[in-house]
Amino acid sequence: MIEIPLAMPQIYTIGIAIAFFTIIIAFSSILQEKDDIHKMIIIDLVEITGLVVIALIATDLAEALILPGLVVGIAEIMAISELWLAKENLQQKHSAKKLDIEVMKTAPPIIGAMLTTYGIFLTGFSGGLIAALGLMIYFFGKNVDVPFAKIENAAGYAWALWIIAFLIFMFIPSQWFLATMLAAVGIMLKVMAKMSLVGTMRGAE
Amino acid sequence: MFEQIHEQTLLLLPFGDIVHYLSGYTVILAAFAVMFLLLALVSLPERPIDIVFGTDGYYIKEIPVDIMKFQRFMALACGISTIGAITTGDIFNFTLFAIFIGILNIGIVAAVENKHVLDAAFSYGLVVMMATIPLFAGAATIIATCGTLSIGELVDTDATPLIAKLLILIGVFGEGMAPFYIGKTEITRAPGAPYILMIHVSSLLLFLRTIEIFLTV
């Protein structure tokens, strides 16, 4: 058995030192990089190492700041990469050539339906993720039009469900079971809608 | 609680231990933000005119309606998040609003088809991305040392570490770039005056509010 002869606080201190060291390395690489898209990717790297620092502050509450950090980081990288596409005039304008693959017509609906059913059965965050994967595989198949507007509607209703569940928790705490179920279904739909929309974005329409 | 700001507090809006407030100082900032919000709401964008030298001819830059609508929406959202950053009583909400302002500032000019503007917006966007982390790291340091993010409670504890303040300051520099407008000059070549102005107004007000927070906490 290997025993590490360090107390936890020391490990955190060493970890923070290492994280700062990686941040310095990442920043020095930004100075040397000239290409725009590479700069953007390296800055995303800097963000991740920064999140490591936040994680090593090591309070539960401080760690709660990691999730917004990640979400905001993803939102920013999506916005800026769209800007980069517009700047470099790289949006896809002509349609793609078609491959005739038979299995793309038959398999995706079956696998997609299976995964989506399993996800709905699971509910909650992980269920939403699996159902979203199912939907993405379904949209991946041929001869499918993605009903973006309907999925967005579903996300809206899911949000409303979530808020209703929250209000039930606040004002009628005795009905906690109903609220939990509403919240679970709500977040399942929400994650499913979000993930499948992100997964099927195909550039500017 | 609120010894320093209580004397001149005009409005208190408590949500649990988080108390949103308007003091004599921030009410002016909020009024300024509301004014520009209304301006962006009611006015049409200005159209830049170039006079052709040697003749009496002129070029006028028309702004397409869809771009105008997009810019207006972004400017309004930017104004609302500025008001949020000014009135909030919570450091975490403040950092979130600051990040919103950063993203929305890019959004205001993102639809403009001018290579210089897009170049500048892209570089500014990279700075905004980098600045996210100092902001959250500052908030995380505050909550790790003081155990709260409410400005009212932080006034009582009086133990906010200097490093956290500095981290938040660096973050605000990155999001708003308030004293360093020079980094955003190219962006203002974008046509559409009242909406573009919101970029400056929001970063200036964000910076002034940051000063207020640091003097209070």
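Start by selecting strand E1 of chain B, which is hardly covered: among its seven residues the count of buried residues is zero, where buried means 20 or more other C-beta atoms within 10 Å of the residue's own, exposed means 12 or fewer, partly exposed lies in between, and C-beta atoms are placed from the backbone. Strands here (E, at least two residues) and helices (H or I, at least four) are DSSP runs numbered from the N terminus.

The model is predicted, so local features need pLDDT of at least 70 and side-chain atom pairs count only at pLDDT 80 or more, while totals for chains, interfaces and linings use all residues. Residues are numbered from 1 along each chain as its sequence is written, and chains are lettered from A and ligands numbered from 1 in the order in which they are written.

Next select B:Tyr21, which is found in strand E2 of chain B. B:Tyr21 counts as buried because 21 other C-beta atoms lie within 10 Å.

**Chain B as a whole**

Now colour chain B by secondary structure, which comes to eight helices and four strands and follows, read along the sequence, the pattern α-β-β-α-β-β-α-α-α-α-α-α. The C-alpha atoms of the chain fill a box of roughly 70 × 35 × 30 Å, taken along the principal axes, and buried residues make up 48% of its 217 residues. Of the contacts in chain B with a separation of 6 or more, 72% are between residues 24 or more positions apart, two residues being in contact if their C-beta atoms, placed from the backbone, lie within 7 Å.

**Where chain B touches chain A**

Select the side of chain B that faces chain A: 25 residues of chain B are in contact with 28 residues of chain A. The elements that give two or more residues to this side are helix H4 (91-110) and helix H5 (115-146) of chain B, and H5(B) gives the most, with 19 residues. By class, the side has 19 nonpolar, four polar and two charged residues; Ala, Val, Leu, Ile, Met, Phe, Trp, Tyr, Cys and Pro count as nonpolar, Asp, Glu, Lys and Arg as charged, and the others, Gly among them, as polar.

Show H5(B) together with helix H2 (residues 36-57) of chain A, and you will find them packed at an angle of about 0°, with their axes 9 Å apart. Axes are lines fitted to C-alpha atoms, for helices over the stretch in contact, and angles run from 0 to 180 degrees between N-to-C directions. H2(A) is therefore roughly parallel to H5(B), a term for angles under 35 degrees, with over 145 counting as roughly antiparallel, 65 to 115 as roughly perpendicular and the rest as oblique. Residues to pick out in this contact include A:Met40, A:Ile43 and A:Ile54 of H2(A), and B:Phe122, B:Met129 and B:Phe136 of H5(B). The residues of the contact divide into 16 nonpolar, three polar and three charged.

Then show H4 (residues 66-88) of chain A with H4(B), which pack at an angle of about 10°, their axes 11 Å apart. This angle makes H4(A) roughly parallel to H4(B). Among the residues that meet here are A:Val72, A:Ala79 and A:Leu83 in H4(A), and B:Ile99, B:Ile103 and B:Gly107 in H4(B).

For a stop in the loop between helix H3 (60-63) and H4 of chain A, select A:Ala64, which counts as partly exposed, with 13 C-beta neighbours inside 10 Å.

**The nonpolar cores**

Finally, select the largest nonpolar core, of 81 residues, in which B:Ala98, B:Ile106, B:Ile108, B:Val109, B:Ala121, B:Ala139 and B:Met198 touch the most other members. A nonpolar core is a set of buried Ala, Val, Leu, Ile, Met, Phe, Trp, Tyr and Cys residues joined through C-beta atoms within 7 Å. H5(B) gives the most to this core, with 20 residues. Apart from this core lies another, of 20 residues, among them A:Ala165, A:Leu182, A:Met188 and A:Ala193.
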